[in-house]
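Me: I would like to learn how to read a few features of a protein model. Can we go through them one by one?

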Amino acid sequence: MYYPGLEGKNALLIGGNSNIGQYVSLLLAESGANIVIACRDTKRGNEIAEEARAFGKGEAVVVKTDCSDWEAIENAVSRVHEFGAIDILYHGVGGDWPGHFLDLDPELWDKLYQLNFKNILMAYKIVLPIMKQQRSGCFITMSSVMGRIPTPMEPIYGALKCGLIYLAQTLALDLGPYGVRINVVAPGPTPPKDPDRLSEGSLLKTLIENKELVENLTAEILPQIPLGKLGDPEACAHAVLYLASPVTGGYQTGQVIGVDGGWWMPK
Ligand SMILES: NC(=O)c1ccc[n+]([C@@H]2O[C@H](COP(=O)([O-])OP(=O)(O)OC[C@H]3O[C@@H](n4cnc5c(N)ncnc54)[C@H](OP(=O)(O)O)[C@@H]3O)[C@@H](O)[C@H]2O)c1
């Protein structure tokens, strides 16, 4: 699907090669943006880049990146600068090892913090000064319905995803006067359409192999979702495109779009 106003725009996608991120990459490419996919699994990244180039519009580049490595992110940013300004940043890194708090190994605390929060802090710290200087830019991070509704099986992940909303809104206040927009998408449970299209390191890959856990989680979750079904990664990517494109006249910042079947209904 084509979104207007994105031709020739430049986007960095940190985690643009897996479940939701791959569709963000492809929708941006279909809309004519130049994309730089920063990820560890470059095989998957290159497959997406090839699909992106098939639209025959913008450029599609893959940069091997560990998003916890400061220099690697700076390198990915410099690849975007080869096209010009950095107009859009999608940060799709995140994941969980579900379990009740009392059962979780404390060794996971730091890993969850690094994966779901510190990586995003670093990207903000590197990219926001550039967007501020440009006096333009759109930064989108991925929270979760779990960051809005406390869920016993996702205690630390949920707390960190809640923190991402707070952080985005704080930064949106700070950077709004410079024309920089910071928004959040909060998906509900969104399994892959095709497990072969997940990156090697995606935690979803490990999760869906545990069929019993998936069945139990689904049975617990579904009755709480008004629309009675799980999410679709491609549909979720459209929420990112809505925020990235100028269809709302660039007049949205500090917003959270839920794509969660109505599980969370903000007042
Ligand atoms: N799917 C859901 O049910 C769901 C629900 C709510 C919220 N979310 C959130 O939505 C976002 C996207 O989720 P998803 O479903 O697309 O998950 P995913 O398929 O597991 O994608 C995670 C992405 O992060 C990248 N990544 C992980 N560690 C990295 C690292 N150290 N350096 C660079 N890239 C790294 C992965 O690529 P590489 O492995 O190649 O690096 C992959 O592209 C996440 O923040 C997730 O928490 C997802």
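Reply: We can start with accessibility, keeping in mind that this model is predicted. Y113 has 34% relative accessibility, so Y113 counts as partly exposed.

Me: Is F117 buried or exposed?

Reply: F117 is buried, because its relative accessible area is 15% and the cut-off for buried is under 20%. Y113 and F117 are four residues apart in helix α4 (residues 107-134), so about one helical turn separates them.

Me: How do I describe a pair of aromatic rings?

Reply: Two values are used: the distance of the centres and the angle of the planes. In the whole structure, a search finds three aromatic pairs. One of them is F101 with W109: the ring centres are 6.0 Å apart and the planes are at 10°, so this pair is stacked. Y113 and F117 also form a stacked pair, with centres 6.0 Å apart and planes at 20°. Planes under 30 degrees apart count as stacked.

Me: What are the accessibilities of F101 and W109?

Reply: F101 is partly exposed at 43% relative accessibility, and W109 is partly exposed with a relative accessible area of 42%.

Me: Which charged end sits over the ring of Y178?

Reply: That of K132, which lies 4.7 Å from the ring centre. In another case, the charged end of K193 sits over the ring of Y23, 5.3 Å from its centre.

Me: How is empty space found?

Reply: A probe the size of a water molecule is rolled over the atoms, and this shows where empty space is left. The second largest pocket holds about 200 Å³ of space. It is lined by 14 residues, and the closest to its centre are K9, D87, C138, R181 and A244. By class, its lining has five nonpolar, six polar and three charged residues.

Definitions and conventions. Residues numbered from 1 in each chain as written. Predicted model: local features only at pLDDT ≥ 70, side-chain atom pairs only at ≥ 80, totals over all residues. Heavy atoms only, no water. 1 Å grid on protein atoms, 1.4 Å probe; cavity = no way out; pocket = protein on both sides within 12 Å on 5 of 7 lines; lining within 4 Å. Points joined across faces, edges and corners; volume = space filled by probe spheres on them. Nonpolar A, V, L, I, M, F, W, Y, C, P; charged D, E, K, R; others polar. Phe/Tyr/Trp six-rings, centres within 6.5 Å; stacked < 30°, edge-to-face > 60°. Buried < 20%, exposed > 50% of the residue type's maximum accessible area, 1.4 Å probe, protein only. Helix = DSSP H or I, 4+ residues; strand = E, 2+ residues; numbered from the N terminus. Lys NZ or Arg CZ within 6 Å of the ring centre and 35° of its normal.
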